[in-house]
Amino acid sequence: MSRMRLAIVGAGFMGQFHAQAIAGLETATLSAIIDLSAELGRKTADQYGARHFPDIDAALAADASDAYVVALPDALHRDVTCALLEAGKPVLVEKPMAHTLEAAQAMAAAEKKGGRLLVAHILRFDPRYVQAAEAVRAGKIGDPIHASSGRFTVRDIGTRMNGSSSVCFYLGVHDVDALQWISGADVTRVYSRAVSKLMPSLGIRSEDAIFTTCDMSNGMVGQLYFGWSLPSDIPTGIWARTEVVGTKGVVDLDVRDHGLRVLSSGAWSLPDGLHWPTVNGRIMGDLYEELRHFVQAVREDKPFVISLPEALRAVAVNDAIRRSVASGQPEAVADWRG
């Protein structure tokens, strides 16, 4: 069977990781890089033996690829993804699905016109989170009573984003999805508070962190928390936990490290061992599995592991969180079905 041709739209931070992972896939090849920056686009394309195009119109006109990976900032997802879907192309779009619920709903509508859309919630390919969700589904902890999910990362991420995305969309969307997916309940209403001291002091219009109390569809109470406020020299770039407490037991995910600690030059580091580690010269782990699943599901016309309603649901919750931060009041989660 011939390899599927994949193109990457956006050769930035995540685009580079996707390029490395695709280079190691047995079922696909990197055929094109689409980036407005001729310098960055051509450099990346040359590195992987691909073609560079300045925009998706040029790539589509040249029939450059069978499917596309959109790795642009979330505010740019809608127009590019809609155009690719309407052209009949399968698309893997980086999380979050979009920066607003309206934009995400437009993408879901475009999917009905042609291509297929997978939203890249990478924790859906993390064996720890998958096993946690399966344990709850199997009734191992009984009826969930309350749950929490959150993560903090280093302030360097906030400064790199420079106000281009909210912390709840860029970082927190992982936990918005995890809370609902693992517990099996939808967030229906949120009450959120933001703290903004560090980023504004650096000249960046962004929250440092957001904390949210959630009402959930099965009567549970939930909690979400996320921020890019950790010191730059902290050993790990991700400080994350997820807990679901039930009538018969508990699911507890502590993913602040991946089991490897390195002491060098007087400082500890906790390298990534699961999301996109380099193993024998290749990107492996969750990102590799995500891309492999995308190719296989498209080829075999099988369902994706995360449905569009689930991805839309996460965006709707984030919309409500931002509204609650702005209003200072509890806010209902809008109907993401449109």
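**Rings, strands and cysteines**

Analyst: In this predicted model, the charged end of Lys95 sits over the ring of Tyr170, 4.2 Å from its centre.

User: Over the face of which residue does Arg160 lie?

Analyst: Arg160 is placed at 4.2 Å from a ring centre. A charge counts as sitting over a ring within 6 Å of the ring centre, provided that it is also within 35 degrees of the ring normal. The ring that Arg160 covers is that of Phe13.

User: Which residues form one aromatic cluster with Phe13?

Analyst: Rings pair if their centres lie within 6.5 Å, and by this rule the count comes to 6 aromatic pairs. One aromatic cluster contains Phe13 together with Phe17 and Trp276.

User: How many helices and strands does the protein have, and what is its radius of gyration?

Analyst: The secondary structure comes to 12 helices and 17 strands. The globule rule gives 20 Å for 338 residues, and the computed value is close to this, so the protein is as compact as a globular protein of that length. Its C-alpha trace spans about 55 × 55 × 40 Å along the principal axes. The radius of gyration is 20 Å.

User: What share of the residues is buried?

Analyst: A residue is buried when its relative accessible area is under 20%. Among the 338 residues of the protein, the buried share is 51%.

User: How many residues of strand 1 are buried?

Analyst: Strand 1 covers residues 4-9 and is mostly covered. The number of buried residues is 5 of 6.

User: Which unit do strand 1, helix 1 and strand 2 make?

Analyst: Helix 1 comprises residues 13-23. Together with strand 1 and strand 2, helix 1 makes a right-handed β-α-β unit.

User: Where is Ala64 found, and is it buried or exposed?

Analyst: Ala64 lies in the loop between helix 3 (56-61) and strand 4. Ala64 and Leu6 are 58 residues apart in sequence, yet their C-alpha atoms are 8.6 Å apart in space. Because its relative accessibility is 4%, Ala64 counts as buried.

User: Which strands stand at the edges of the open sheet of 7 strands?

Analyst: The strand order in this open sheet is 12-11-7-10-9-8-17, with mixed pairing. Each edge strand has a single partner strand, so one side of each is left without a neighbour in the sheet. The edge strands are strand 12 (250-254) and strand 17 (331-332).

User: Which residue in strand 10 is the bridge partner of Phe211?

Analyst: Strand 9 (residues 209-216) and strand 10 (residues 221-230) run antiparallel and are joined by 7 bridges. In strand 10, the partner of Phe211 is Tyr225.

User: Which cysteine has the nearest sulfur to that of Cys168?

Analyst: The structure holds 0 disulfides. Cys168 is in no disulfide, and the nearest cysteine sulfur is 12 Å away, whereas a disulfide needs two cysteine sulfur atoms within 2.5 Å. Cys168 is buried, with a relative accessible area of 0%. The nearest cysteine sulfur is that of Cys214.

Conventions. Residues are numbered from 1 along each chain as its sequence is written. This is a predicted model: local features need pLDDT of at least 70, side-chain atom pairs count only at pLDDT 80 or more; totals for chains, interfaces and linings use all residues. Side-chain values use heavy atoms; hydrogens and water are left out. Rings of Phe, Tyr and Trp (its six-membered ring) pair if their centres lie within 6.5 Å; planes under 30 degrees apart count as stacked, over 60 as edge-to-face and the rest as tilted. Buried means under 20% relative accessible area, exposed over 50%, partly exposed in between (1.4 Å probe, protein chains only). Helices (H or I, at least four residues) and strands (E, at least two) are DSSP runs, numbered from the N terminus. A crossover is right-handed if, with the strands pointing away from the viewer, the path from the first strand over the helix to the second runs clockwise. The radius of gyration is taken over C-alpha atoms; the globule rule is 2.2 Å times the number of residues to the power 0.38. Two strands pair if DSSP finds at least two bridges between them.
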